Structures are given as C-alpha cells and as structure tokens.
Amino acid sequence: MRVKLLYNTDIGSVRRVLTNNGVAFDADVLLDHVVYMFEIEDCSRVTTHQLIRHRVVSYDQESQRFSAATREGVVTPPSVSSNEVAYKAYDEALKSVYSAYEKMVAAGVPKEDARYILPSAIKTKLVMTLSARSLMHMIWQRTALQAQWEIRELATTLHGLAKEATPELWTKILER
Amino acid sequence: MRVSLVWSSPSPERTIAVAMRRCFSTKTIEEIESELEQKGPDYWKYLLTKALQDKSLDVLEHYTLTLLLEEAHDPDVGRIARGFPYLRVTRLGHDVWLLSLNARTLVEIWRSTEEKGFAEQVVSELNAKGVGSLFNEVAFGVRANAG
C-alpha cells in the first residue's frame, strides 16, 4: 500500500486570521477548517469498503467499469500468505476467478458486468479529501486494536503524514 | 457581509483533474500528475467542463476553500449553514466567522435562488485574488477580468 498527501490547508493562513480577530490558537476550531487530500494506492477493496463508512469525506476511486482487472493486482492477508494450505486455496480460487473474468471480457461482456465476479482482495486506488476532524475520527476508530490489519496500517500512515504536515495541530489533539 | 479568502487548495482545476483521472486511470498518482502537467490547462478545462456537463460534481469536492466573513449577521450565516450542510462555520467574534466549504457546495449555493448573492461574492473574491479563474469561468461563467 502506498499513501501520499497531495495537499493540506496552510495552518499559518488560518492562524493569522485567528490572531487578527483576537482568538487564541485552538485545535478545536482548526479541526473543522484544516483539510487534507490523500491519494491511496494498492489497498484492497475490503479496506475501501471499511474506509467509506466514514461518511463526511470526499472519495474518488478507480472505476472497475473502465479499468481491466489483473491477476497480479490483489492483496494477500498475512494470515493467508503464511499458511501453506490457506495460500494454496486462495491462489487456486483467484486463478479460477480471473480466468472466468478474462473469458467473459474476451466474449464481449462489458468490464462493468464482468467485474461482478472479482474478489474483494483486488487492489484499488483512490483520492480522498477530508477535514482534520473527520481524519481524527477515522484515525481513532481505525488504529484501535479491534480494527483489521490493513485499515489499521492505512490509518497509521494517514496519521503519520498528517502529523508531519501539520504537527502543531496533531500535537494539540494528542495532548487533550 | 464582507467575504475574504483565507486559503484555497493549490491549483484548483488541476486538483479536480487529478480526482477525475483517478477514477478512470490505472496509472500511479505520479504518472497522472505528470500527464496533467504535460497536457496543461486546456485539458484541465476539458475535464472540468465534462464533469459539470455529466453532473459528476463529486470531483469538485477536492477543491476546498476557507473564507473569513465579516459584518456577517447571525440570520444570514445561519441560513447558509442550514441550507448547505457540508460547509463548516465557526464564530470568531461578533459578526465575524470562519467558513470552509468545497467547490461542489459553492456550485450548489450559486445555483440556489436564495443564496446566489453569497456565492457571487465568493467568486468575485476568488477572481480578485487570482484563484481558480478557469474554474470560475467554466462553472459560473465569470471571467476574472470581466470588469
């Protein structure tokens, strides 16, 4: 999985407005007005199904209606890859699914219909834009130990990037 | 009400184009960005026009703005906030507010009957600051130097 921060609100600009209006630096105020746009590549659709349950976020995701699926583009969970029996079953199932997908597309079935057979393990790419408040909620929910490994990895990366870009905001949040 | 721009997404039209290409391309983000740089503003304008024609306004949500509202009275700000739930307002003082919204919401405000005047003020401020001139032309039919 690869995550890139495409842009974020310049906190300095917002801070100047607060100062000019006699408002002290307040992380709570900034949470609603600081925005981040991320691009995420090569996470599974299992994870993006979980991700889009966070609703006050703007998402645009690679469409399977237009792009062809490939056998290489799948995520394999460590619990499967580390288990010989499980991995064999996983691999055989994927081969069968992709073979059927390719046959359908070759037979003239539109990609948007052939995709019904594709697995949730398929890798995807998306951009998402959200406020610091939405991001904070996402990070709190998805870095919890109960969260699944892949979205936990994603949330941890998002947190790292946001903290690096806007350290004063995230330090204040963590201090609360 | 006085509206002034505090911050906006860098290169709004290109940001929207990135989101649009992300939907239809298998390329990496670096490849998409490089393609968009190569093709330039005419291509961004083509994509933006297509998004608006197809009513694919979701891609506009990646262009975000933060505004300072002064001499903004509670009923006016309250009406805008209630009418358009995806914008965020914070009171900074008496009649002074910080407002953040995305370009989709701005388009929706522009298209509304009641609040179009507010959207016009925002677009005028954006043009005065040289922000999103291509977007303002395509989405609102307002040219930066219209006079």
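In chain B, the residues B:Glu35, B:Leu36, B:Glu37 and B:Lys39 of helix α2(B) touch B:Pro41, B:Tyr43, B:Trp44 and B:Leu47 of helix α3(B). Sorted by class, this contact holds 5 nonpolar residues, 3 charged residues and no polar ones. Please keep in mind as you look around that this is a predicted model.

How do these two helices sit against each other? Two packed helices are described by the angle between their axes and by the distance between those axes. Here, helix α2 (residues 29–39) and helix α3 (residues 41–53) of chain B pack at an angle of about 110°, and their axes are 6 Å apart. Angles of 65 to 115 degrees count as roughly perpendicular, so that is how α2(B) and α3(B) are placed relative to each other.

Now let us turn to the place where the chains meet. The contact takes 34 residues from chain A and 33 residues from chain B. An interface's size is often given as the accessible area lost when the parts come together. Chain A and chain B bury about 2700 Å² between them, and 62% of that is on carbon and sulfur atoms. On the chain A side, A:Tyr7, A:His33 and A:Asp60 lose the most area to chain B, together 23% of what that side buries.

Side chains of opposite charge can pair when their charged atoms come close. Over all chains the count is 25 salt bridges, and between chain A and chain B it is 5. Here are two examples:

| Salt bridge | N to O distance |
|---|---|
| A:Arg2 and B:Glu30 | 2.7 Å |
| A:Glu39 and B:Arg22 | 2.5 Å |

A:Arg2 lies in strand β1 of chain A and B:Glu30 in helix α2 of chain B, so this pair joins two chains. Across the interface there are also 15 residue pairs in polar contact.

Which parts of chain A supply the side that touches chain B? At least two residues each come from β1 (2–8), α1 (11–20), α2 (27–33), β2 (35–44), β3 (58–61) and β4 (123–131). The largest share, 6 residues, belongs to β4(A). By class, this side of chain A has 14 nonpolar, 11 polar and 9 charged residues.

Key: Residues numbered from 1 in each chain as written. Chains lettered and ligands numbered in written order. Predicted model: local features only at pLDDT ≥ 70, side-chain atom pairs only at ≥ 80, totals over all residues. Heavy atoms only, no water. Contact = heavy atoms within 4.5 Å. Buried area = accessible area lost by both parts, 1.4 Å probe. Salt bridge = Lys/Arg side-chain N within 4 Å of Asp/Glu carboxyl O. Polar contact = N/O pair within 3.5 Å; in protein donor to acceptor, adjacent residues only side chain to side chain. Helix = DSSP H or I, 4+ residues; strand = E, 2+ residues; numbered from the N terminus. Nonpolar A, V, L, I, M, F, W, Y, C, P; charged D, E, K, R; others polar. Axes fitted to C-alpha atoms, helices over the stretch in contact; angles between N-to-C directions. Parallel < 35°, antiparallel > 145°, perpendicular 65-115°, else oblique.
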